[in-house]
Amino acid sequence: MSSAAAAPLPAEAEWAAAVAALRGLPAGARVLLACHVNPDGDALGSMLGVGLGLRAVAAELGIGHLAATCPGTMRPPAPFDSLPGAELLVAEEDADPAPDAMLVFDVASIERLGGLADRLQTAPVGIVLDHHASNPGFGRINLVDPAAAATSVLSDGLLRRLGVPLTPDIAECLYVALATDTGSFKFASTTPAVHEFAARLIATGIPVGEISRRLFDTRPVGALRLFGVALARVVLERAGAGGLGFAWTYLTLDELAAHDQPPSAVEALIDSVRSVAEADVACLVKPVRPGEWSVSLRSKGAVDVSAVAVALGGGGHRFAAGFSATGPVEDVVDAVRALLPAPADIRVNSGRISGP
């Protein structure tokens with residue numbers, strides 16, 4: 001017996017509530033946009049795309065002040081530092097302490113907002129746009145769809161419902177978000193709808209070739225050499241992850257300094273670790289400050305790494321997740337290893353290996 005298809009997310013009532021809340025803002029409203037700490041392409045692109053859209057209809061919505069921020073240092077890393085709308089960005093300490101409305105992008109849990117979390121909790125209008133399955137729904141209004149390939153899909157949905165015209169600048173922001181979170185359209189989340197969305201964005205005339213080179217094919221020589229350091233020390237544990245294989249590596253602050261690279265320069269390194277043929281699970285431990293790490297996890301499809309990340313205070317998707325940690329790097333890797341499935345947890349269904 002077949003069951004009825006699940007209703008699409010977010011529910012239309014949530015969309016309607018978000019639109020009504022923004023259309024009901026007081027005259028001269030102060031609106032703050034925020035994304036997660038150490039923002040990636042989806043976080044920044046989704047946030048700035050909506051920021052440009054709201055600025056275009058600010059008079060209609062009664063918006064008097066509009067700004068965007070994130071916890072920590074508000075200095076977008078290359079290749080996101082040339083995104084349209086960057087002039088909207090302000091440092092966390094300069095962000096409005098009591099906005100009339102706050103919109104949050106690509107944030108799986110409220111903890112990822114750091115010191116900005118209190119603003120979301122006290123703002124009369126608080127809207128969360130996200131696509132992480134681990135998101136518990138911490139906003140007053142939650143536009144969350146775990147099936148969406150990127151948060152930019154939700155951003156586009158909100159802008160369309162607000163009647164915002166799709167300009168090339170908005171399209172470039174949303175395209176960068178979509179392209180980065182689908183791994184240049186090669187991840188399993190790349191559905192026909194994703195290509196249709198990308199086609200609509202490209203139709204505005206954005207320079208796709210230039211954007212793609214900037215995102216995926218441009219890297220300082222210092223970063224390449226740093227990649228070499230990390231890849232030379234990759235550890236392959238063939239028996240890890242229930243016999244599916246576990247590959248991991250790390251970098252230190254001294255190594256970043258020796259190659260004159262910021263922590264953001266190694267964000268893409270996890271994709272190289274993930275390519276290890278003998279491992280389903282990949283782990284990259286990246287330095288943030290002395291004794292503090294940002295950890296990226298990836299799976300090729302057999303292990304739900306979001307469960308590991310959530311257990312360690314982070315979040316993410318089934319095949320791509322992360323968390324923050326402190327202490328010696330060996331302890332960080334031990335914590336990950338301990339949460340990976342044991343052989344008894346691995347099962348075979350219709351010829352496909354899967355995890356719990």
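I take buried to mean under 20% relative accessible area. The model I examined is a predicted one.

**Entry: helix 5**

With that cut-off I turned to helix 5, residues 151-161, and found this helix mostly covered, eight of its 11 residues being buried. I noted the buried residues by name: Thr 151, Ser 152, Leu 154, Ser 155, Asp 156, Gly 157, Leu 158 and Leu 159. I then looked at what comes after helix 5, and recorded Gly 163, with a positive phi near 75°.

**Entry: the protein as a whole**

I looked up the secondary structure and found 14 helices and 13 strands. I next asked what radius of gyration the protein has against that of a compact globule. For 356 residues the globule rule gives a value near 21 Å, and the protein has 20 Å, which agrees. Along the principal axes, the C-alpha atoms fill a box of roughly 60 × 60 × 40 Å.

I recorded that 52% of the 356 residues count as buried. The accessible surface comes to about 15400 Å², and carbon and sulfur atoms account for 55% of this surface. For contacts between residues at least 6 apart in sequence, I noted that 63% join residues at least 24 apart. I also looked up the charges: there are 26 positive and 38 negative ones, and their mean positions lie 4 Å apart.

I located Asn 142 in strand 5, which spans residues 141-144. Is Asn 142 buried or exposed? Its relative accessibility is 17%, and therefore Asn 142 counts as buried, since the cut-off is under 20%. I looked for polar atoms around its side chain and found the backbone nitrogen of Phe 138 at 3.4 Å from one of the side chain's polar atoms. Beyond the neighbours within four places in sequence, I listed Pro 10, Glu 14, Val 128 and Gly 137 as the contacts of Asn 142.

I checked the peptide bond from Leu 9 to Pro 10 and found it cis, with omega near -10°.

**Entry: a further cis bond**

I also recorded a cis peptide bond from Ala 78 to Pro 79, with omega near 10°. Pro 79 sits in the loop between strand 2 (63-69) and strand 3 (101-105). Most residues other than glycine have a negative phi, and most peptide bonds are trans.

**Entry: the loop between strand 1 and helix 2**

I looked up two residues of this loop. Val 37 is found between strand 1 (29-35) and helix 2 (41-56). At 25% relative accessibility, Val 37 counts as partly exposed. Pro 71 and Arg 112 are in contact with Val 37 when neighbours within four places in sequence are left aside.

Asn 38 belongs to the loop between strand 1 and helix 2. I noted its positive phi of about 50°, although Asn 38 is not a glycine. Its relative accessibility of 46% makes Asn 38 partly exposed.

**Entry: Asp 260**

I found a positive phi of about 55° at Asp 260, which is not a glycine either. Where is Asp 260 placed? I located Asp 260 in the loop between helix 11 (253-258) and helix 12 (269-274). The relative accessibility of Asp 260 is 67%, so this residue counts as exposed, the cut-off being over 50%.

**Entry: Gly 45 in helix 2**

I went on to helix 2, in which Gly 45 lies. Gly 45 has a relative accessible area of 0% and is therefore buried. Which residues does Gly 45 touch, not counting those up to four places away in sequence? I listed Leu 83, Cys 173, Leu 174 and Ala 177. For Leu 174 I also noted the separation: Gly 45 and Leu 174 are 129 residues apart in sequence, and 5.4 Å apart in space from C-alpha to C-alpha.

Key:
Residues are numbered from 1 along each chain as its sequence is written. This is a predicted model: local features need pLDDT of at least 70, side-chain atom pairs count only at pLDDT 80 or more; totals for chains, interfaces and linings use all residues. Side-chain values use heavy atoms; hydrogens and water are left out. Helices (H or I, at least four residues) and strands (E, at least two) are DSSP runs, numbered from the N terminus. The radius of gyration is taken over C-alpha atoms; the globule rule is 2.2 Å times the number of residues to the power 0.38. Buried means under 20% relative accessible area, exposed over 50%, partly exposed in between (1.4 Å probe, protein chains only). Contact means heavy atoms within 4.5 Å. Accessible areas come from the Shrake-Rupley method with a 1.4 Å probe; for residues, only the protein chains shown count as cover. Lys and Arg count as positive and Asp and Glu as negative; His and the chain ends are not counted. The place of a charge is taken as NZ of Lys, CZ of Arg, CG of Asp or CD of Glu. A polar contact is a pair of N or O atoms within 3.5 Å; within protein, one must be able to donate a hydrogen and the other to accept it, and residues adjacent in sequence count only if both atoms are side-chain atoms.
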